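I opened the model and kept notes on what I looked up. The entries follow in the order I made them.

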Amino acid sequence: MVFVLPGLNLGGAERQALVLARYLIQAHHADVRILGFGEPGKVAELCDAADIPWHSLEAHWPPHRLERVRAAIQFGLSLRKYKPDLLLPYCWFPNMICGLSWRLSGARLCVWNQRDEGRHFKGTRLEYLSAKFTPRFISNSQHAADFLVQQLHVNRDRIAVVYNGVEVVAPIEQRATWRARLHLSEDDFVACMVANLHHFKDHATLLKAWRQVVDRFSEDGHAAILLLAGRFDTTHDTLKALAYDLELGKSVRFLGQVGDIGGLLTAVDLGVFSSRLEGCPNGVLECMAAGLPVVGTDIPGIREAVGEAGYPWLAPPGDAEMLAAHILTLARDAELREQLGAHNHQRIVEHFSPEKMGREAAALLRAWLK
């Protein structure tokens with residue numbers, strides 16, 4: 001089984017691919033290989049730790065259509081050396097280039113993994129052809145499956161929805177250690193957003209909301225701290241500038257990529273997630289798995305993650321005032337936070353466990369390969 005990833009740095013899609021790869025190895029003794037475009041990063045490190053072979057691919061996608069066809073043919077032929085039975089591309093570019101060329105690789109099957117709501121879709125002929133040539137699709141949310149049907153004209157019976165599997169990661173360090181490291185007192189109210197800092201997220205609205213939260217907390221003589229955990233990407237500099245302009249000071253901490261997410265979330269009172277485009281956001285699911293209530297943006301991907309009990313705590317996209325109001329309501333009610341956090345944890349156990357995701361995906365792959 002050959003997984004083809006957009007890169008070897010760690011994002012939500014790459015994390016999910018690794019979860020499935022480990023499940024297939026452990027539960028079915030699958031022969032798995034990870035391929036990713038670009039330079040090695042955290043994914044390569046995790047593959048080494050799990051003894052999963054990985055390879056770095058050169059990203060080559062020319063501007064003109066005929067040249068792209070040639071590049072796809074060359075890519076398909078280059079996969080033959082890995083002798084794949086099954087290709088599992090994740091995200092837009094891998095899905096598209098594998099869809100166009102998978103038969104040249106010698107694989108018996110290619111399964112398109114739709115991980116978002118179609119944010120990269122341009123409506124080109126090659127995109128439609130790649131979807132037409134791909135026999136099977138797995139989507140991690142219903143609305144991402146709807147995108148495949150409505151925009152790429154994929155027959156519904158070729159698509160299966162399998163929710164993400166979220167690992168409840170044991171903390172490396174405990175709450176007290178994390179609070180001490182971040183210079184937080186037990187009286188501080190702490191919220192955290194787990195997401196890489198790029199333009200598909202909406203950290204800006206969250207920062208504007210946090211200005212309102214900090215103002216209200218200061219009236220009561222308490223401190224409110226926002227932790228932003230995620231790789232510094234395309235919006236890092238502009239977000240730091242916005243935090244400066246909003247005079248947020250030490251009330252916002254840019255942590256970068258955090259290895260001990262399980263430990264960090266033990267030090268947190270509330271999960272927050274502000275975004276405009278999502279498939280099934282791992283940052284929300286990780287907070288839920290840690291037993292945290294979640295305040296976020298009212299978009300399909302987040303609604304599908306939190307379920308009906310979480311709907312009241314979602315704010316319209318770009319609405320900093322409503323986002324702040326939800327945060328403040330939960331900040332002042334520890335008992336409600338505990339109830340919502342327990343419900344969120346149970347929802348992860350029932351609907352988003354790695355075992356459930358692995359079993360469902362493996363059953364589909366087995367049936368489709370027959």
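Predicted model: local features only at pLDDT ≥ 70, side-chain atom pairs only at ≥ 80, totals over all residues.

**Entry: Arg-158.** I began with the side chain of Arg-158, which reaches the backbone oxygen of Thr-134 at 2.3 Å. It also reaches the backbone oxygen of Pro-135, at 3.5 Å. I took a polar contact as a pair of N or O atoms within 3.5 Å; within protein, one must be able to donate a hydrogen and the other to accept it, and residues adjacent in sequence count only if both atoms are side-chain atoms.

Residues are numbered from 1 along each chain as its sequence is written, and side-chain values use heavy atoms, with hydrogens and water left out.

I placed Arg-158 in the loop between α6 (142–152) and β7 (159–161). Helices (H or I, at least four residues) and strands (E, at least two) are DSSP runs, numbered from the N terminus. Arg-158 is buried yet has no salt bridge, and the nearest side chain of opposite charge, Asp-157, is 5.8 Å away. Buried means under 20% relative accessible area, exposed over 50%, partly exposed in between (1.4 Å probe, protein chains only). A salt bridge needs a side-chain nitrogen of Lys or Arg within 4 Å of a carboxyl oxygen of Asp or Glu. For charge, Lys and Arg count as positive and Asp and Glu as negative, while His and the chain ends are not counted.

Not counting residues up to four places away in sequence, I listed Ala-131, Lys-132, Thr-134, Pro-135, Arg-136 and Phe-137 as touching Arg-158. Contact here means heavy atoms within 4.5 Å.

**Entry: Ser-274.** I found Ser-274 in the loop between β11 (270–273) and α11. Ser-274 counts as buried at 1% relative accessibility, and its side chain reaches the backbone oxygen of Asp-202 at 2.7 Å. Leaving aside neighbours within four places in sequence, the contacts of Ser-274 include Asp-202, His-203, Thr-297 and Leu-323.

**Entry: the sheet.** Which way does the pairing run in the open sheet? It is parallel, through six strands in the order β10-β9-β8-β11-β12-β13. The edge strands are β10 (252–256) and β13 (314–315), each pairing on one side only. Two strands pair if DSSP finds at least two bridges between them. I counted two bridges joining β12 (residues 294–297) to β13. Thr-297 has Ala-315 in β13 as its bridge partner.

**Entry: α11 and the cysteines.** Helix α11 (residues 282–289) is mostly covered, with eight of its eight residues buried. Just after α11, Gly-291 takes a positive phi of about 80 degrees.

How many disulfides are there? With a disulfide defined as a pair of cysteine sulfur atoms within 2.5 Å, the count is zero. Cys-287, buried at a relative accessible area of 1%, has its sulfur 5.9 Å from the closest cysteine sulfur, in Cys-192, too far for a bond. The sulfur of Cys-91 is 12 Å from the closest one, in Cys-98, also too far for a bond.

**Entry: positive phi.** Most residues other than glycine have a negative phi. Cys-91 is not a glycine, yet has a positive phi of about 80 degrees. It sits in the loop between β4 (86–89) and α4 (92–101) and is buried, with a relative accessible area of 17%. Asp-51 has a positive phi of about 60 degrees and is not a glycine either. I located Asp-51 in the loop between α2 (42–50) and β3 (54–57), where it counts as exposed at 68% relative accessibility.
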